[in-house]
There are 2 protein chains.
Amino acid sequence: MPTLYHHPMSAASRFIRLVLSEYDMEADLIEERTWEQRRDFLALNPAATLPVYVDDSLHAICGAGVVAEFIDENFGVFKRDMRLLPDESLQRAEVRRLVDWFLIKMEQDVTRYLVRERVFKLLMPKENGGGAPDSKALRTARANIRQHMRYLDWLAANRNWLAGEKLTYADFAAAGALSTLDYLGEIKWGETAHAKDWYQRIKSRPCMRPLLGDRVSRISPVSHYADLDF
Amino acid sequence: MPTLYHHPMSAASRFIRLVLSEYDMEADLIEERTWEQRRDFLALNPAATLPVYVDDSLHAICGAGVVAEFIDENFGVFKRDMRLLPDESLQRAEVRRLVDWFLIKMEQDVTRYLVRERVFKLLMPKENGGGAPDSKALRTARANIRQHMRYLDWLAANRNWLAGEKLTYADFAAAGALSTLDYLGEIKWGETAHAKDWYQRIKSRPCMRPLLGDRVSRISPVSHYADLDF
């Protein structure tokens, strides 16, 4: 069986877990703490990023965007109406733009700060950067999150799913990021009704269930984290 | 004719300019100063990243990775032996991994610091963050560059081109990043002979010529910047 190196607080890992589950593909999950710089993990992926997908022939595919393209080329292409990357080139470009938006831009502006300061620093030894959260980093992230939520709300108000008529990778990339932030109680759902409606629809899909059961040591999710009606 | 919004000190823009030129595709170049947050540019790409490729039907394709996939699907696929993204899925994954390495990881570790501190801050008004370079950011970037150069050297020593036997997007992504840093004189070529040999080969390709003629206001390139024998 393939293996997925992931972390429950990695938005990019969540994206790939959702895609695998949506396509009924199984994989053994291995939780990786990238800051430990494990030699065997660096041999798989010298960039030390998550997720890494290791296929049945032990080839390592590194990084969410690369794994998503690999899955599309080898499995998605046979899914017809259920394919999560559209057939048409401009639509593919729009899906990819949004995947990058949620997994690169939102990661840089928001997610990495909140996850690092609130979760990873609790788990890291002091010599690797562990310790108390940096309040300036938290403030920056919380200022940026409002802009990102407004954009998500605009997409959800103007389109059926985030990239257009159909459910695509864009929705699962967004769900990966949003569910991570929601675990930490960082999202004010009351301010963005369309985004909330979209998240309710995606949250009720069976592929979301394993993620809603995720627990990270030393930090519990907000009370509404797994509720479909939040 | 298509339009490419770019900046001469954007490694990702250079990557796409090289690919367009290698495929003999023409585009009007528009230099964009993203920190100005021009309303018309944000309407094209709300992420405010470069490059943006606007095709003949005025569709905007945003971000180097997305543009590269779009070009491959619409033009590269007809190039047979000259195609810069291989046909085989695992090889495609390796090319994409390296494109992300040079345009995301190296950008985050090295390029954005050096370009921002040494170039953009000279061009930005003070209220947008302009001013004297931050010496701590420069030190961080210069420490990181050595690791990146060692990895490039390893790739160049063990493979004909960076992703394997054939010239691919990986080489042009690396050339986009390396030529930006070389303009600024930040690369010590004497320490990495295999990387130097690889760069000499790519530098002598006709597609590199326009980039070697690039000049940025208020900062001149190092003397060897355009020399094929450096």
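**Entry 1: the second largest pocket.** I looked up which element contributes most to the lining of the second largest pocket, and found helix 4 of chain B, with 4 residues. I note that the model is predicted. The space in this pocket comes to about 300 Å³. Of its 15 lining residues, I recorded L44(A), A60(A), E94(B), R97(B) and R159(B) as the closest to the centre. Two or more lining residues come from each of helix 2 (39-44) and strand 4 (60-62) of chain A, and from each of helix 4 (89-123) and helix 5 (135-158) of chain B.

**Entry 2: the contact between the chains.** I next turned to chain B and chain A, which bury about 2,000 Å² between them. Carbon and sulfur atoms give 65% of that area. V66(B), E73(B) and L90(B) supply 24% of what chain B buries against chain A, more than any other three residues. I noted 23 residues from chain B and 23 residues from chain A in the contact. I also found 6 salt bridges between chain B and chain A. I looked up the pair E73(A) and R92(B), whose side chains form a salt bridge at 2.6 Å, N to O.

**Entry 3: H148(A).** I located H148(A) in helix 5 (residues 135-158) of chain A.

Methods
Residues are numbered from 1 along each chain as its sequence is written. Chains are lettered from A and ligands numbered from 1 in the order in which they are written. This is a predicted model: local features need pLDDT of at least 70, side-chain atom pairs count only at pLDDT 80 or more; totals for chains, interfaces and linings use all residues. Side-chain values use heavy atoms; hydrogens and water are left out. On a 1 Å grid over the protein atoms alone, a cavity is a set of points where a 1.4 Å probe fits but cannot get out, and a pocket is an open set with protein on both sides within 12 Å along at least five of seven lines; lining residues have an atom within 4 Å of a point. Grid points are joined across faces, edges and corners, and a volume is the space filled by probe spheres set on the points. Contact means heavy atoms within 4.5 Å. Buried area is the accessible area (1.4 Å probe) that two parts lose on being put together, summed over both. A salt bridge is a side-chain nitrogen of Lys or Arg within 4 Å of a carboxyl oxygen of Asp or Glu.
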